[in-house]
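Please read the following report alongside the sequence and the coordinates.

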Amino acid sequence: MLEKQLSINFFLKPSREKSDLRGVYLRITVDGIRKETSLSHKWDIKRWNQKAGRANGTKEDAKTLNYLLDTIVSKITKYKLELLSNEEPITASVLMDYIQGKGTSKAKVLEEFQKHNDEIFRLVPKEYAIGTHERYVTARSHVAEYIRYVYGKDDIEFRELNYEFVIGYEYYLKTVRACSNNTAIKYISNFKKIVLRAVAKGIIPSNPFVQYKPKKTKLNKKPLSKQELSILENKEFINERLETVRDVFIFQCYTGLAYIDVFKLKKSDITKDEEGNFWIRTNRQKTDANITIPLLPKAIQIMEKYKDHPDCIGKDIVLPVRSNQKMNEYLKEIASLCEISELNTHKARRTFGSTVTLGNGVPIHVVKEMLGHHSVKQTEEYALTEEESIKTEMQILKDKLEGKANKQSDNYTDLLESLKKLDLDKLTQLTNFINQLNCNSHNFI
């Protein structure tokens with residue numbers, strides 16, 4: 001740790017009362033940042049050496065005050081050396097707290113992180129999904145590994161956190177852990193919540209994340225196109241395993257359900273209204289948001305196909321859905337057979353939000369509700385790709401321009417037909433009248 005620029009000064013501060021007696025104050029300055037406090041002593045300004053910061057004279061009261069001031073300087077200097085040898089932060093606040101007898105917080109980062117995670121776990125599933133708890137468990141393990149990697153300790157105190165820790169942790173995640181930019185930012189965001197919690201509890205005075213401004217990488221997650229969706233729907237599989245996985249995926253494409261939601265979809269979640277329309281009415285596992293989705297014919301067809309499947313009957317579920325790992329594994333195989341670049345369980349949800357709904361003119365606020373999003377901003381990420389959007393808008397413009405051109409052409413044709421019906425005398429009169437109007441117009445100008 002580098003040596004800090006420290007200065008210790010004593011001065012007199014006037015009170016509101018007009019008097020030569022003034023309060024004695026201590027000022028500690030470290031690297032330009034200063035802290036002041038009253039020493040609860042008063043001294044006559046006429047007996048004070050401002051330059052030396054000490055009492056003048058050899059009287060006993062002057063000696064006593066100067067001894068007190070010298071003792072304070074000695075204690076500060078000693079404590080500074082102790083902090084330096086322990087490689088602990090040296091700040092004006094830390095030194096002032098020591099002089100004032102305030103206990104320095106010994107709260108540790110991973111201990112507080114664990115308290116937070118335990119609280120989250122106790123609120124599952126009432127307020128949090130189990131996946132949320134698991135995400136914070138992983139985030140804590142990454143912070144623990146970083147502390148061991150850099151500090152060689154099992155934990156550190158919150159007062160040791162600073163901006164360097166934050167940017168160092170980001171660099172560690174991207175290099176040692178080989179995380180992508182967005183994944184690293186996600187883990188740092190999880191850790192930031194713990195730090196802000198510590199600030200709110202008064203464990204640390206300031207937020208080390210204040211100057212940290214990460215930028216997410218915009219990802220181009222394309223949905224299936226209409227052509228790809230059609231190929232997938234009409235593909236015939238000899239293997240029953242692949243056919244079932246394909247059907248579950250297609251069901252997701254026409255309902256927008258995430259993997260975990262289609263996995264847990266019960267027959268009781270399917271209702272029928274007075275007009276005979278089928279609806280999915282359930283809550284999202286991830287956010288617990290209520291979702292109401294009308295079932296499209298393709299989804300109903302798949303649901304009917306598997307209503308007598310042993311798993312569906314035994315577990316009272318709508319579809320025989322395999323584990324997420326197996327689903328994605330088999331979808332890769334299906335993608336290869338259908339010559340589609342990539343398939344995974346989340347791509348089905350994106351296809352529903354883009355190709356099936358927004359691409360067919362369903363208003364975005366309606367799609368938001370069916371997807372169970374908290375805001376339209378989330379749904380906008382599911383919108384059509386830029387190329388498709390441009391193609392759609394330009395086609396609309398093309399149709400408008402062609403319609404305008406056709407209308408103008410029709411107007412000219414009508415005018416010519418009208419002129420043909422006029423005899424020569426009337427045509428001459430019309431020409432003279434137009435010329436007269438032009439002349440009058442020039443004269444007016």
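How many disulfides does a search of the whole structure find? The search finds 0 disulfides, a disulfide being a pair of cysteine sulfur atoms within 2.5 Å.

## Basis of the model

This is a predicted model, in which local features need pLDDT of at least 70 and side-chain atom pairs count only at pLDDT 80 or more, while totals for chains, interfaces and linings use all residues. Residues are numbered from 1 along each chain as its sequence is written, and side-chain values use heavy atoms, with hydrogens and water left out.

## The chain as a whole

The protein chain contains 17 helices and 8 strands; these are DSSP runs numbered from the N terminus, helices being H or I with at least four residues and strands E with at least two. Of its 445 residues, 35% are buried, where buried means under 20% relative accessible area, exposed means over 50%, and partly exposed lies in between, with a 1.4 Å probe and protein chains only.

Among the contacts in the chain with a separation of 6 or more, 56% are between residues 24 or more positions apart, a contact being heavy atoms within 4.5 Å. The accessible surface comes to about 28100 Å², and carbon and sulfur atoms account for 51% of it; such areas come from the Shrake-Rupley method with a 1.4 Å probe, and for residues only the protein chains shown count as cover.

## A three-stranded sheet

An open sheet of 3 strands runs in the order S6-S7-S8 with antiparallel pairing, where two strands pair if DSSP finds at least two bridges between them. Strands S6 (270-272) and S8 stand at the edges with a single partner strand each, so one side of each is left without a neighbour in the sheet. The twist averages 30° from one strand to the next.

S6 and S7 are paired over 3 bridges, with Ile270 opposite Ile280 in S7, and they form a hairpin with 5 residues between them, in whose turn Gly276 has a positive phi of about 85°. Strand S7 (residues 278-283) is joined to S8 by 5 bridges; here Ile280 stands opposite Ile293, and Trp279 has Pro294 as its bridge partner. S7 and S8 also form a hairpin, with 6 residues between them and a positive phi of about 65° at Asp288 in the turn.

## Helix packing

Helix H8 (residues 240-253) packs against helix H12 (residues 324-338) at an angle of about 95°, with their axes 10 Å apart; axes are lines fitted to C-alpha atoms, for helices over the stretch in contact, and angles run from 0 to 180 degrees between N-to-C directions. H8 and H12 are therefore roughly perpendicular to each other, the term covering angles of 65 to 115 degrees. Residues making the contact include Leu242, Val245 and Phe249 of H8 and Tyr330, Leu331 and Ile334 of H12.

Helix H14 (residues 364-371) has Val367, Lys368, Met370 and Leu371 as its buried residues, which pack against strand S8 (290-294), helix H13 (345-357) and helix H15 (376-380). Just after H14, Gly372 takes a positive phi of about 75°.

## Individual buried residues

Asn117, in helix H3 (residues 109-122), is buried at a relative accessible area of 1%. Leaving aside residues up to four places away in sequence, Asn117 touches His133, Tyr136, Val137 and Arg140.

Technical notes: Parallel < 35°, antiparallel > 145°, perpendicular 65-115°, else oblique.
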